[in-house]
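Colleague: I'd like to go through this structure with you and ask where each label comes from. Can we start with the words for how open or hidden a residue is?

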Amino acid sequence: MVVKRAFSAPGKALLAGGYLVLDSKYEAYVVALSSRMHSVVSFEETTDPNTSTMINVKSVQFNNDQWAFKVDKNEHNNYTIKEINGLQNPFIEKTLFNVLNYFGVNKSYKISIEIFSDSGYHSQEKSVLKMNSYKQFHYHSETVTKVPKTGLGSSAGLVTVLTTALVSCFIEQFQLEPFLKIIHNLSQVSHCQAQGKVGSGFDVAAATFGSIIYRRFQPELINDLPKYDSLEYKRKLQKLIDSKYWGYKSENVKLPKGLRLIMGDVNNGSETVKLVSRVKQWYNKNLPESLEIYTKINEGNMAFIKSLEDLNELAAINPDKYDKILAALDNKEAITSLDSSLLSVQKAVNQIRSNFKYITKKSGADIEPDVQTTLLDNSIALNGVLTGLVPGAGGYDAIALITTEKCDIQEETKNNKKFERVSWLDLHQEDYGIVEECPTHYINFN
Ligand SMILES: Nc1ncnc2c1ncn2[C@@H]1O[C@H](COP(=O)(O)OP(=O)(O)O)[C@@H](O)[C@H]1O
Ligand SMILES: C[C@@](O)(CCOP(=O)(O)OP(=O)(O)O)CC(=O)O
């Protein structure tokens with residue numbers, strides 16, 4: 001019998017906690033985005049148990065990209081994954097490798113997985129929009145590695161949603177909720193291995209759990225895994241996923257009512273690795289001053305989180321007052337007349353930005369370069385914009401704004417030279433991480 005299921009997982013924007021989140025003593029504020037990665041999986045047991053499991057993965061939006069993986073066992077009875085045409089996609093390969101070794105499945109399967117990605121992840125230039133009554137996706141004429149990315153975390157979304165699809169094949173009567181932790185832990189392992197580095201993992205955590213306050217796991221958990229082809233790999237992986245203490249925090253949050261996130265895509269290509277290494281170098285060479293700067297940024301991050309909580313509370317206990325202060329923001333009345341919790345958000349962001357500006361000057365890492373400062377300052381002056389910052393590692397890639405829901409940024413910035421480099425992405429913050437979707441919503445796109 002062929003079983004078909006579908007899942008999706010969101011993209012991310014790290015609003016507070018960039019760089020600091022690499023150290024587990026600091027917390028970060030991560031927003032999940034409405035741009036999602038989707039996987040539709042069909043699986044069946046093969047009638048001949050001696051045939052190898054075959055897993056086909058298709059990403060039709062990217063010039064019909066597809067990979068065919070044959071699953072075999074090595075001399076230690078661990079699973080090996082080989083793309084039979086020599087095609088590369090480390091994110092898919094590592095995901096299959098870890099899920100199969102974790103479950104140690106004994107039967108043979110035929111598994112087909114289709115990947116779809118929402119438009120926010122990639123530049124839509126030279127693409128064609130196809131749709132059915134439920135969903136719409138952009139189709140590109142190039143393979144996935146050739147289409148410019150916007151930096152919303154396509155690989156983290158891919159790994160998370162693919163892990164979910166595979167886990168659903170190997171657990172009878174699979175439901176998401178009880179298995180979210182296993183999915184998260186497996187996805188972190190595969191994503192780090194495919195990236196060749198252990199980052200903070202905030203992107204995989206947001207893909208799994210949605211908008212969260214995040215504190216990382218210890219990188220040694222993943223770094224200490226033995227070599228892929230070793231006798232120990234499977235057992236150590238199972239132990240790591242099931243019984244090691246990970247210690248990460250993923251506490252669900254949402255932006256206050258009436259406020260929304262707007263992402264502006266400025267430039268292609270992320271420089272995260274280079275930026276992180278420059279900041280680390282600066283940090284280590286400049287102790288204890290660098291610690292003081294981090295402490296000030298962390299105070300700003302915590303004040304940012306607290307002021308958003310205060311706004312959530314105000315919206316609940318005094319909705320009339322709350323609506324009035326948001327209305328004031330829409331008309332950009334004198335800033336001083338705004339409520340103290342709105343001012344607190346702005347003050348917290350200023351504290352974060354000014355200290356990152358300092359690091360930018362001292363370290364040579366362009367976290368908030370001058371062009372981005374100008375763009376942010378111009379954006380913050382617009383009606384309905386509460387605050388803005390460079391998300392994640394910063395750099396020239398993107399800006400993130402918190403605005404009122406009424407704010408029509410497209411209209412306000414239309415034909416304005418100050419904003420000619422920005423494309424406002426059509427997305428919003430989303431509470432949820434992985435969700436189950438209906439497989440019939442992914443057919444007959446025209
Ligand atoms: N829709 C997709 N289908 C197949 N692979 C994808 C898709 N989206 C992303 N990937 C994989 O993720 C890689 C991009 O990951 P990465 O460089 O980490 O970018 P991002 O910052 O968007 O996560 C691609 O080269 C590809 O291997
Ligand atoms: C510096 C960081 O704390 C944040 C980087 O955030 P981005 O959103 O810029 O990341 P990428 O999508 O991986 O390029 C590194 C980390 O947390 O791993």
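Modeller: A residue counts as buried if 20 or more other C-beta atoms, placed from the backbone, lie within 10 Å of its own, as exposed if 12 or fewer do, and as partly exposed in between. Before we use that, note that this is a predicted model, where local features need pLDDT of at least 70, side-chain atom pairs count only at pLDDT 80 or more, and totals for chains, interfaces and linings use all residues. Residues are numbered from 1 along each chain as its sequence is written, while chains are lettered from A and ligands numbered from 1 in the order in which they are written.

Colleague: Why is E313 called partly exposed?

Modeller: E313 has 13 other C-beta atoms within 10 Å.

Colleague: What makes strand β11 largely enclosed?

Modeller: Six of the seven residues of β11 (259-265) are buried, so the rest of the structure largely encloses this strand.

Colleague: How do you know that β11 pairs with β13?

Modeller: Two strands pair if DSSP finds at least two bridges between them. Seven bridges join β11 to β13 (398-404), so they pair, and they run antiparallel.

Colleague: Why are β12 and β14 said to stand at the edges?

Modeller: The four strands form an open sheet in the order β12-β13-β11-β14, with antiparallel pairing. β12 (385-389) and β14 each have a single partner strand, so one side of each is left without a neighbour in the sheet.

Colleague: How do you know which residues surround ligand 1?

Modeller: A residue is near a molecule if its C-beta atom, placed from the backbone, lies within 6 Å of it. For ligand 1, 16 residues surround it, and the closest are S59, S117, K149, S154 and S155. Helix α2 (154-170) and strand β6 (109-117) each supply at least two of the shell residues, with α2 giving the most, four residues.

Colleague: What classes do the residues around ligand 1 fall into?

Modeller: Six are nonpolar, nine polar and one charged. Here Ala, Val, Leu, Ile, Met, Phe, Trp, Tyr, Cys and Pro count as nonpolar, Asp, Glu, Lys and Arg as charged, and the others, Gly among them, as polar.

Colleague: Which residues are closest to ligand 2?

Modeller: G199, S200, T272, G392 and A393 are the closest of the 16 residues around ligand 2. That shell has eight nonpolar, eight polar and no charged residues.

Colleague: Which domains does the shell around ligand 2 draw on?

Modeller: It draws at least three residues from each of domain 1 (3-252 + 432-442) and domain 2 (259-428). Those bounds come from an automatic or database domain assignment.

Colleague: How far apart are the C-alpha centres of domain 1 and domain 2?

Modeller: They lie 30 Å apart. The contact between the domains takes 21 residues from domain 1 and 24 residues from domain 2, where two residues are in contact if their C-beta atoms, placed from the backbone, lie within 7 Å.
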